Number of protein chains: 2
Amino acid sequence: MLSVLREGPARTRTELAHITGLARSTVSQRLDALLRHRWIVPADDVISSGGRPATAFAFNKAARLVLAADLGVTHDRVALTDLGATVLAERTAEVPIDRGPEPTLAWLAQTFTELLAESGRDLAEVCGAGIGLPGPVEHVSGRPVNPPIMPGWDRFPVPEWLVERLGVPVLVDNDVNIMALGEHWAGHSEADQLIFVKIGTGIGCGTISDGRLHRGAQGAAGDIGHIRVATADGVLCPCGNRGCLEAVAGGAALAARVAAAGLPARRSRDVMELLRAGHPEVARIVRQAGREIGDVLASIVNFFNPAVIVIGGDVAEAGEHLLAGVREVIYKRSLPLATQHLRIQASELGDRAGIIGAAVMVIEDVLAPEAVDSMVTI
Amino acid sequence: MLSVLREGPARTRTELAHITGLARSTVSQRLDALLRHRWIVPADDVISSGGRPATAFAFNKAARLVLAADLGVTHDRVALTDLGATVLAERTAEVPIDRGPEPTLAWLAQTFTELLAESGRDLAEVCGAGIGLPGPVEHVSGRPVNPPIMPGWDRFPVPEWLVERLGVPVLVDNDVNIMALGEHWAGHSEADQLIFVKIGTGIGCGTISDGRLHRGAQGAAGDIGHIRVATADGVLCPCGNRGCLEAVAGGAALAARVAAAGLPARRSRDVMELLRAGHPEVARIVRQAGREIGDVLASIVNFFNPAVIVIGGDVAEAGEHLLAGVREVIYKRSLPLATQHLRIQASELGDRAGIIGAAVMVIEDVLAPEAVDSMVTI
């Protein structure tokens with residue numbers, strides 16, 4: 001019943017009984033319990049249904065608060081949201097993740113507390129915290145597993161450590177997965193099959209399969225950075241193989257190619273600046289990287305048949321130059337049936353995809369029917 | 001309650017109340033209804049639980065019959081199964097599918113009727129028919145969509161045509177999807193992430209994602225035959241692109257390579273015979289095809305992180321020669337986390353994967369909780 005109200009307009013008792021197929025007495029009982037817990041509120045509109053006026057009820061997005069964090073290698077974003085994943089307060093910072101888990105998480109807990117205080121809100125109103133980390137995370141435990149760029153974090157019990165300080169449930173996932181959740185929620189909730197590709201120094205993807213995050217058998221799904229690019233020369237990747245997508249078209253590779261063309265680029269940010277300044281040679285190099293990313297995505301389109309591919313991450317700032325290359329190869333190499341209605345577009349949330357997704361991860365968990373049933377005791 | 005009994009041992013009323021959390025009165029009501037409809041039967045064992053003996057109840061696999069068919073380009077297999085997908089009667093035939101839908105389906109309806117008669121059973125006992133076709137099928141309507149090797153079948157209303165003759169619900173899907181369902185059910189039901197690869201003249205795959213068949217946004221998922229092989233020379237594929245997996249390692253390509261080596265091979269069956277006869281050059285060619293298939297699957301392993309890859313289809317008869325090539329490249333090119341527990345093995349059902357899967361498709365549909373609720377009126 002709560003999910004009906006959450007996803008649709010305000011409804012009357014009669015409408016809810018009709019939609020859910022529940023008896024009117026059951027609907028009334030549950031409405032009372034949901035009202036008591038403030039999960040729903042009477043809507044402003046009073047709808048006349050023939051006879052006497054009937055009150056409509058609506059989902060109350062303000063019922064609880066969510067803490068959300070997207071921790072990067074150097075950049076971090078922390079936010080307070082409502083149950084509609086709307087950001088109520090937000091802060092960015094540059095806390096290097098290689099300082100290790102305890103200093104980083106102590107700073108995070110402190111920042112959550114400050115954001116609440118500044119907003120005049122209280123931890124008692126918070127229903128959970130969602131955290132994105134830049135490395136592989138074991139889904140069940142929420143612990144990082146052999147994260148390559150997070151020294152000291154391997155198997156650190158992130159949820160337990162934060163639960164002890166915050167006293168609210170804590171969910172952790174890798175940054176690309178939560179960005180996929182955020183993009184799906186914000187711009188593409190109608191698409192049951194979505195692939196979000198993050199192109200930064202590394203390249204990875206998060207996948208929504210049948211409306212839910214696909215993590216794979218070991219939580220290792222989406223590691224497309226080490227797929228071999230068929231069209232590229234066999235440049236050596238730090239992983240030991242040749243021709244990996246990341247080594248060919250990642251941020252560092254892009255900067256190296258631009259530098260080799262005689263332009264001053266040390267990292268992807270420099271490439272984006274040269275591109276904005278209108279260097280045609282940079283545009284050509286970016287478009288070629290798009291083609292190489294497209295070569296790998298074309299295989300995935302044939303295998304998976306997504307409805308939407310969203311491209312995000314630092315390098316995605318290259319916009320149409322990159323997308324043109326991606327689209328060119330996907331439309332050439334993938335099957336007509338799979339590309340007929342396929343949308344390939346840049347992230348709309350940009351830097352905020354991670355925190356929106358971290359909030360969504362918590363909201364989906366808190367508002368799962370079983371969870372609500374156990375909270376709302378009638 | 002039915003799903004508890006279906007997946008586990010016989011249970012008493014007390015156990016069922018405990019497992020389902022339902023009130024004992026509700027359990028008794030539902031048990032009576034299920035007994036009346038013969039979905040369950042009293043189990044032979046009478047278990048003494050301290051005091052007076054309590055009767056246990058078990059799922060009744062014999063409650064209904066299922067009709068299953070796997071129609072190929074030339075070979076067909078038709079079967080009668082119980083609700084455990086156990087084959088009770090079976091027939092193979094060679095009805096060319098290019099005769100068009102009406103002659104083929106008339107023959108199929110006739111064969112179903114004969115199988116029932118021979119088994120002394122009746123259409124009234126049948127709960128549904130499942131059909132696999134060798135081409136793309138629109139999931140919602142069960143109609144073939146632009147099938148390349150089924151002239152006259154495009155958009156033919158297969159379910160409606162058969163429902164009119166048989167009077168039972170009819171479900172249709174493409175052959176590779178039902179084979180994936182069959183392999184998952186029979187040998188790997190514990191694996192939530194499974195990829196079944198069919199290697200015949202064409203190459204395609206069926207994917208189980210989070211325990212359910214993944215069809216993709218347009219039902220086009222699994223078309224891996226036109227993914228470009230990074231390591232192969234750019235042989236031209238009938239699709240117009242170069243280096244497609246099917247053009248490089250499919251049955252026809254394999255036969256052509258063996259023929260080019262001076263051995264008498266016109267199709268994949270000839271290659272399998274030469275291989276069994278022990279020609280080392282044929283073993284080398286088959287292993288190389290395995291490597292090329294492995295190159296494409298390595299990308300899919302990185303993206304999807306399956307627990308199991310099952311290799312089936314005619315060419316899979318090549319067994320270890322083919323699997324060795326597949327494994328070699330996947331273990332070289334995929335990430336350790338994704339391959340650590342990955343099983344890559346040959347189909348155990350062989351030619352029967354299709355009919356088992358066709359039956360499973362019907363059983364899953366008939367025994368879905370909503371479906372049982374609506375059938376078993378209390």
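## Loops, a helix and an axis

Reply: Arg155(A) is exposed, with 12 other C-beta atoms within 10 Å. The model is predicted: local features need pLDDT of at least 70, side-chain atom pairs count only at pLDDT 80 or more, and totals for chains, interfaces and linings use all residues. Residues are numbered from 1 along each chain as its sequence is written, with chains lettered from A and ligands numbered from 1 in the order in which they are written.

Me: Is Arg38(A) buried or exposed?

Reply: Arg38(A) lies in the loop between helix H3 (24-36) and strand S2 (40-48) of chain A. Helices (H or I, at least four residues) and strands (E, at least two) are DSSP runs, numbered from the N terminus. A residue is buried if 20 or more other C-beta atoms lie within 10 Å of its own, exposed if 12 or fewer, and partly exposed in between, with C-beta atoms placed from the backbone. Arg38(A) has 11 such atoms, so it is exposed.

Me: Which helices do the buried residues of H8(B) pack against?

Reply: H8 of chain B spans residues 251-260, and its buried residues include Leu254(B) and Val258(B). Contact means C-beta atoms, placed from the backbone, within 7 Å. The partners in chain B are helix H7 (245-249), helix H9 (268-276) and helix H10 (280-304).

Note on methods
Two residues are in contact if their C-beta atoms, placed from the backbone, lie within 7 Å.
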